[in-house]
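Please look over the sequence and the structure shown below before reading on.

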Amino acid sequence: MKRMTFTLAISALFILPVLLLGPSGQAAERAAERAAKEVKIETNKLRDAIKVSGQTIHLGDLFTNTGDKAEIAVAYAPEPGKRAVFDARWLYRVAHAYKLDWKPLGATARAVVERKSQMINQAEVAAEILSALVGKGADADMEIEMGNRLTRIYVPDDAIAAIDIEDVTYDRLSGRFSAIFSAPAGSSTAKRHRVTGRLHKTTEVPVLNRRMLADELITANDIRWLKVRSARLQSNTVISDADLIGKTPRRGLRAGYPVIASAVRRPVLVPKGSLVTLILQTQKMTLTARGKALQPGSDGDVIRVNNLQSNTVIEGEVVASGRVKVRLTSIVAMN
């Protein structure tokens, strides 16, 4: 009896694995094997928005999960500030050559690689050239005009965003200049550029910092200074803020533009058609009368006024709002 029990127990040990490997057990084992493979093998993907810093493009810049192959150089990087486009065929050849698990989904697949960079704009270049031209006799307040198109210059992101002036020439009579500079400054791989242009004399003029309507009083807070080419200014352009402060526009004036002297005037103290007080002063007496202004007038203006008492037209000087000082020659007309 004991021998039979022992035999059954041993048989059970061999039967148990067979039961575990039935239909459900086998499926679980295959799922586990697939999961193990998925954990072990990572799919390579094409990167988006690729930006590089150096002069070469590496495998790891283009694809993910490249492991120890990431630093393998596969192409030259574009110039600073520019882009390079790699199509699906080229990308597949690279992936296949380095045994990456990647295939393009279609012929339109591509990688766009941009070189990281810094920008030196035209204003910065112009400032450096003008500084060099001052040593050749130019005025530091002059305005520089570039003759050939030079919008902006890109340099590597790890370089100095500045230029080195190598040579400048300047003709004082014509104002023309030429300059040769290199960028980035202090770099053995710097590129040389040549520009030509002209310098212009400038004048600082007061302009309004906001739009002003007719008869608004201009104050010091309404003015800012603007540098303008002297050759572009009209002969009657206001060049002193004293000629604007305390004045009013005859019509609406725009902000930021030079003002012509005839476009402003002193504030009108006596509007045309308004009632005024006529004043006649002597050493012994002061006479007043009512009148009607036949002309508008500012402080100090001599205008014609109708004396309402004598119904006579006389002349007087505007001395305050609604007040006109009568000349001594008009004393008869007031009586």
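Which element gives the most to the lining of the second largest pocket? Strand S11 does, with three residues. The model is a predicted one, in which local features need pLDDT of at least 70 and side-chain atom pairs count only at pLDDT 80 or more, while totals for chains, interfaces and linings use all residues. Residues are numbered from 1 along each chain as its sequence is written, and side-chain values use heavy atoms, with hydrogens and water left out. Helices (H or I, at least four residues) and strands (E, at least two) are DSSP runs, numbered from the N terminus.

The pockets can be taken in order. On a 1 Å grid over the protein atoms alone, a pocket is an open set of points where a 1.4 Å probe fits, with protein on both sides within 12 Å along at least five of seven lines, and its lining residues have an atom within 4 Å of a point. A volume is the space filled by probe spheres set on the points, which are joined across faces, edges and corners. The largest pocket has a volume of about 540 Å³. It is lined by 24 residues, of which Glu-79, Pro-80, Tyr-154, Pro-156 and Lys-191 are the closest to its centre. Strand S8 (152-156) and strand S11 (191-200) are the elements that give two or more residues to this lining, and S8 gives the most, with five. By class, the lining of the largest pocket holds eleven nonpolar, seven polar and six charged residues (Ala, Val, Leu, Ile, Met, Phe, Trp, Tyr, Cys and Pro count as nonpolar, Asp, Glu, Lys and Arg as charged, and the others, Gly among them, as polar).

The second largest pocket has a volume of about 210 Å³. Of its 13 lining residues, Met-142, Gly-175, Leu-199, His-200 and Lys-201 are the closest to the centre, and the lining divides into five nonpolar, four polar and four charged residues.

Helix H4 (residues 88-97) comes next. Its residues Ala-88, Leu-91, Val-94 and Ala-95 are buried (under 20% relative accessible area, with exposed meaning over 50% and partly exposed in between, for a 1.4 Å probe and protein chains only). Seen down the axis of H4, these buried residues fall within an arc of 130°, so they line one face of the helix; the arc is that of the directions from the helix axis to the C-beta atoms. The buried residues of H4 pack against helix H3 (59-62), strand S3 (73-76), strand S4 (83-87) and strand S5 (110-115), where contact means heavy atoms within 4.5 Å. The face turned away from the buried side of H4 carries the exposed residues Arg-89 and His-96.

Side chains of opposite charge can pair when their charged atoms come close. Taking a salt bridge as a side-chain nitrogen of Lys or Arg within 4 Å of a carboxyl oxygen of Asp or Glu, the count comes to eight. One of them joins the side chains of Arg-229 and Glu-145 (3.8 Å, N to O). Arg-229 lies in strand S13 (residues 223-229) and Glu-145 in strand S7 (residues 143-146), so the pair ties together parts that are 84 residues apart in sequence. Arg-229 is buried, at 14% relative accessible area, whereas Glu-145 is partly exposed, at 32%. Glu-143, Glu-145 and Arg-229 are linked in a network of salt bridges.
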